[in-house]
Amino acid sequence: MIQYVVSGPTRLYGECRVQGAKNSALPVLAASLLAQGESVFGRIPAISDVDATLEILKSLGCRIRFENGEARVDAADAAGTEIPDALMRELRSSVIFLGAILARFGSVRLSMPGGCEIGQRPIDLHLHAMRKLGAAVDDAGGRIVCTAPGGLTGADIRLSFPSVGATENVMIAAATAKGTTTVYNAAREPEISDLADCLNGMGASITGAGESTIVIEGVKKLRPARHTVLPDRIVAGTLLSAAAMTGGEITLRHVVPAHLGPVVEVLEQAGCRVESDLHTLHLVSPRRLRAVGHVRTMPYPGFPTDLQAIVTAALCTAAGTSVVTETIFESRFRYIGELTRFGAVIRTDGRMAVIEGVERLTPTGVAAPDLRGGAALLLAALAADGESVIANGELIERGYEDPAATFGALGAGIKREVCCENRGCENCGGGSEADA
Ligand code: EPZ
């Protein structure tokens, strides 16, 4: 079990180069299955979700090399069509392999990803899309078997919700389908455009990525990828919020400011000054943040659900009352109980959280409930007046590269500790399933 020991209060100062995007790395690594050769990916973050994704590729027969941010995947001899249950449990987003395995081999077997700490995570939109592309889908009894022995055929696919994962699975599956696929109400997240760029670099013919309608002209075959993933906008937003909450000043290098519009908007409303140029963001925070009106998470280009917990934490010490509403996942407030152990005053009512800002937070021991909730607790610990301990630190490491080095370089007093293995001991709290 991993725990982080944080000595606050810290005002974060300095500059930081933002890691590559987890939510780009996972789909482009899955897409490498479509080419019979070695693909090379740059700026792949050293996080446990990437490790799990590479394990799945290995289990399917790919040869893998991953060092210094470069991942090489040779899928020439890949043959597996089934994702092992243990790996499905470890990584909820492994459903992203559905389209790639089906397109490459004409059949795929996987267990239902199952719910996670932030919600049920259904995959009905993914399965509906595979059926539209001509696959036979049997999803009885918690296992999914999709077959398309004659290959997939392009179709019009209307998503009832702009699901990121379902949009990605369609792009990957339809890239080598016979004919044209049009996705209506597609997700518009930057990671969708990044995946399209990767697939087009492999020889696919995809237009409209980043908009609500994406057209995929099927091609015969794809060549291995050479792709560098975009910067992680959620990690960037986490670092900006950490500096804002602690009265600090930060410069982020290797970011795309346009991807952070809604987050910068909220931090400016809270009293921060933010300047940007092509690949840099600079934030100066006031001594104390002001409360903001109402933050509502929405599909991109709205405020990202993945930063909901982080901004809620930052607003805990703002002057005044803020309201945050989570519209995407049904149980993404599990971190709030832990935040109140720092002395935060937050009331929740369904998907709405009302945050009464307090002057200061008191140090305490908490346990991360999920990836982004854990990051929110880390921010609270940075602002708290003393030493705090955050258990289940491995959940934070699913999406953040070396948090101790990253925050330590900005002046934080933070230590990573490996504590006993037995779950639930009083030192390191219980364990918790991964979310995605
Ligand atoms: C991706 O998850 C991200 N994960 C999530 O990031 C992110 O929060 C989410 O998109 C929204 O932006 C990766 O990219 C690996 P969705 P995904 O399909 O694809 C419902 C993080 O912290 N839905 O857009 O699973 C679903 O229940 C993670 O980095 C269906 O109902 O998100 C949810 O309410 C967490 N049926 C909503 O859509 C489906 O078939 C959004 O889900 C699929 C989704």
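1. The C-alpha centres of domain 1 and domain 2 lie 30 Å apart, in a chain that is divided into domain 1 (2–19 + 231–418) and domain 2 (22–228), with bounds taken from an automatic or database domain assignment. Between them, 26 residues of domain 1 are in contact with 20 residues of domain 2, contact being heavy atoms within 4.5 Å.

2. A word on the basis of these remarks. This is a predicted model, in which local features need pLDDT of at least 70 and side-chain atom pairs count only at pLDDT 80 or more, while totals for chains, interfaces and linings use all residues. Residues are numbered from 1 along each chain as its sequence is written, and side-chain values use heavy atoms, with hydrogens and water left out.

3. The largest pocket holds about 1000 Å³ of space. Here a pocket is an open set of points on a 1 Å grid over the protein atoms alone, where a 1.4 Å probe fits, with protein on both sides within 12 Å along at least five of seven lines, and lining residues have an atom within 4 Å of a point; grid points are joined across faces, edges and corners, and a volume is the space filled by probe spheres set on the points. Of the 45 lining residues, R121, S163, V164, G165 and F329 are the closest to the centre of the largest pocket. At least three lining residues come from each of domain 1 and domain 2, and the largest share, four residues, is given by α1.

4. By class, that lining has 22 nonpolar, nine polar and 14 charged residues, where Ala, Val, Leu, Ile, Met, Phe, Trp, Tyr, Cys and Pro count as nonpolar, Asp, Glu, Lys and Arg as charged, and the others, Gly among them, as polar.

5. F329 deserves a separate look: it is placed in the loop between β18 (321–325) and α11 (336–340), helices (H or I, at least four residues) and strands (E, at least two) being DSSP runs numbered from the N terminus. At 17% relative accessibility F329 counts as buried, a term for under 20% relative accessible area, with exposed meaning over 50% and partly exposed in between (1.4 Å probe, protein chains only). Leaving aside residues up to four places away in sequence, F329 touches I118, R121, T305 and R351.

6. The second largest pocket has a volume of about 420 Å³ and is lined by 17 residues, of which P9, M245, R287, E359 and A383 lie nearest its centre. P9 sits in the loop between β1 (2–7) and β2 (13–17), and a cis peptide bond, with omega about -5°, joins G8 and P9. A cis peptide bond also joins Y300 and P301, with omega about 15°, and P301 lies in the loop between β17 and α10.

7. Phi of R43 is near 60°, a positive value in a residue other than glycine, and R43 is partly exposed, with a relative accessible area of 32%. N392, likewise not a glycine, has a positive phi of about 60°, but N392 counts as buried at 2% relative accessibility. Most residues other than glycine have a negative phi, and most peptide bonds are trans.

8. In helix α9 (residues 261–269) the buried residues are V263, V264, V266 and L267. They cover an arc of only 160° around the axis, which puts them on the same side of α9; the arc is that of the directions from the helix axis to the C-beta atoms. Their cover includes α8 (233–245), β15 (273–277), β16 (280–284), β17 (294–296) and α10 (308–315).
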